[in-house]
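Student: Can we go through this model together? I'd like the side-chain details.

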Amino acid sequence: MLHELLLALLGYTGDLIIDDREYQESLRVNLSPDAPLSDEPTFKLAPDLSFIQPSDREVIERVITLGFYYRELERFAAKSRNLSWIRSSNESPLSRATEIFKGKKVKPSVYRRALSNGIVEVLSVYRSAVLHIEQILLSDSLPVLATVTQGLNKFFVLLPPLYELILEIERNHIYGGRLLNLLHKRCHCGVPELQTCIQRLLWHGHQVMYNQLTSWMVYGILHDQYGEFFVSRQEDSDSEHDSPPNTLEKLARMSTNDVSLTDWHLGFHISLDMLPEYVPINIAESILFAGKAIRVLRNPSPSVQFHGASSHQSIQKGSQRVQGFTGRISLQKDSSVETMLTGEELLPQAEADKIEVMLQELKESSEFHKRSFETAVGSIKAIAANHLWQLVVVRADLNGHLKALKDYFLLAKGDFFQSFLEESRMLMRLPPRQSTAEADLMVPFQLASIKTIADEDKYFSRVSLRMPGVTVKSSHVELPKTKAYSDGDSGVQLDTSAGMSIDGWDGIALEYSVDWPLQLFFTPEVLSKYLRIFQYLLRLKRTQMELEKSWASAMHQDHSDFAKRRSDSINSSISQQRRQRFRPMWRVREHMAFLIRNLQFYIQVDVIESQWNVLQSHIRNSRDFTELVGFHQEYLSALISQSFLDIGSVSRILDGIMRLCLQFCWKIENQESKDSTAGLEHIAEEFNKKSNSLYTILRSSRIAGSQRAPFLRRFLLRLNFNSFFETTARGVLNVVRPRPTLASAMI
């Protein structure tokens, strides 16, 4: 009886102690390792044992439940560790049936294997306790049940909760990060022995996580065979994420031969399903960034060569402009030395060893300390971000490219775009032709570059002009709305004489060629924001130029009429009448020019230049790539918000005002027609409505109280310096309010 009990405590049933699941119609079969777990213990004394007292039977059945828990835990550990199931030399019928009819394979899991290693440790202690009890009972004549109960008493606290744990894991198919999360929750209990045991199991699980973190954050390799790590490869990104199709197409085209770039943008993401709850999302994002940065640093693009990257770097203190990277533009051949960068140069081995030591210290700790973990991850991220900053800012001349984008996309090179618009002015009076619009624009574009762009501007060759999406329907030319005008078009549709679409050229776009590694910084989304601002500014500048040209043309006509008046007294009265008829229209033109000129000055000076100075200050003071990305995003967001491009109502009004101004300029040239005069009066009326609506919206409390307020007040002060705008707005909106004084307007 003693040996039957001891064997049952180690999971082996016999004649006296049986397993209900194996005892089927008096046929005893060995239980397969793949058999499902039972809800409750199934070890019991044989019902035909009459010599055991009821009190002893109750004690024995309570004790042998430990044998049941031991066997089930051992089966789980053996299956999870992929160990062969050896219980007897004769294979049981149930085992063969299980092998034949096994419908689905259990998904392998390294985290379950680690958990099983911890369970094996606990079971080894349990086996040692059973062996110790056997030795005591064989050496001394002690009460059997009392000795067994006393020797195994502590395991009644450990084995049942462990069995409940594996039961939940099996039934809910828990693995990976979710398994760590479950263990972490089970650690919070009031039983010290059980808490220590679960913490040990969690330690085994963390060993796997730290190994994966080391592979990812030291070598940039994602070692995750079974999809259990919270950093995972991006799959089916088209269906999982609502990314714009054009963005994905640009990325695919941009990174055809550059795997590292594809990995950076689309390769990896955080799997929230596998992220333990005790790891904050910002820490997980830091881990994701650090690993991607290490991949970039260890695997530089072989197609890029840096000229004098190691010996010819010089940073000017005033503008922090870094010389030494030319991309596809070569410097003087006699002084430049082409060097191919290697991973060792971008990430020294000493830095990689430093990262590995920090992770190793976390791995060796007996308990998981959240603060230590977050501190180590933050330090590793800082190391990766600093070396990525060295690559992008210093070696790749980030500031030079930012200046180039400011020059060409934000119209800082005003002389170039003034020349371009003047050269293309007559071309833009006609609708764009679908087949040759882009080629037609290249002629004035090149002429303007010859006149204004110096030879030493190495960035201009990266700028190219595009005219995408032009479609022709019958005799009317339309341009599909681009992203920059996604809020809608102008609310008023006006006559566009001669079947001309005055918006046909609004789709003029610039493209900027970006090489590795700057593509990590200048993503397609970033360049699309630059393009959105560019199209807005170019249209504004075109409107201003047309208003100036119309005034110059009118003055030229007046001088010609004055000269003719002396020699031709008959026609002098006609020219005098025409001049009187159009005099009110010139006041309207001046109002238009006043609004457009102040708006342009506000955007270029109060918005772009001020935000550029803020960005330059951040670049000088930062040594972190992620900080620079954030500062640049803030810079672009400020440009868009302070230019009112993110307010649908304001952008639609501005769009309509610029349309009206262009229509006014083109109609004013046809001064002989009475219909033209009526059209001009209609345009003037619409302009007054829109300009007053614009002023009313901009001075509203919702906009005035936002981040635009300091600069917006300057703009409103320039517009309303003599209370004209407020007075006319009051009249148009029929609002009864006291007329403000000049002193109050100044406040």
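Student: How many salt bridges does the count come to?
Tutor: The count is 20 salt bridges, each being a side-chain nitrogen of Lys or Arg within 4 Å of a carboxyl oxygen of Asp or Glu. This is a predicted model: local features need pLDDT of at least 70, side-chain atom pairs count only at pLDDT 80 or more, and totals for chains, interfaces and linings use all residues. Residues are numbered from 1 along each chain as its sequence is written, and side-chain values use heavy atoms, with hydrogens and water left out.

Student: Which residue forms a salt bridge with Glu 423?
Tutor: Lys 451, with the closest N and O atoms 2.3 Å apart. Glu 423 lies in helix α17 and Lys 451 in helix α18, so the pair ties together parts that are 28 residues apart in sequence. Helices here are DSSP runs of H or I with at least four residues, and strands are E runs of at least two, numbered from the N terminus.

Student: Is Lys 451 buried or exposed?
Tutor: Exposed, at 55% relative accessibility. Glu 423 is partly exposed, at 31%. The cut-offs: buried is under 20% relative accessible area, exposed is over 50%, and partly exposed is in between (1.4 Å probe, protein chains only).

Student: And Arg 539, which side chain does it meet in a salt bridge?
Tutor: Asp 655, at 2.2 Å, N to O. Arg 539 is in helix α19 (residues 524-567) and Asp 655 in helix α22 (residues 648-668), so this pair ties together parts 116 residues apart in sequence. Both residues are buried.

Student: New topic. Where does Met 592 lie?
Tutor: In helix α20, residues 569-621. Met 592 counts as buried, because its relative accessibility is 0%.

Student: What is Met 592 in contact with, leaving aside its neighbours within four places in sequence?
Tutor: Its partners include Leu 547, Cys 661, Phe 664 and Phe 687. Contact means heavy atoms within 4.5 Å. Met 658 is 66 residues from Met 592 in sequence, and the C-alpha atoms are 9.0 Å apart.

Student: Now the loop between α8 and β5. What does the side chain of Asp 224 reach?
Tutor: Asp 224, which sits in that loop, reaches the backbone nitrogen of Gly 227 at 3.3 Å. Asp 224 counts as buried, at 18% relative accessibility. Gln 212, Phe 229 and Val 231 are in contact with Asp 224, once neighbours within four places in sequence are left aside.

Student: Last one, the whole protein. What share of its residues count as buried?
Tutor: 50% of the 747 residues. The protein has 27 helices and 14 strands.

Note on methods:
A polar contact is a pair of N or O atoms within 3.5 Å; within protein, one must be able to donate a hydrogen and the other to accept it, and residues adjacent in sequence count only if both atoms are side-chain atoms.
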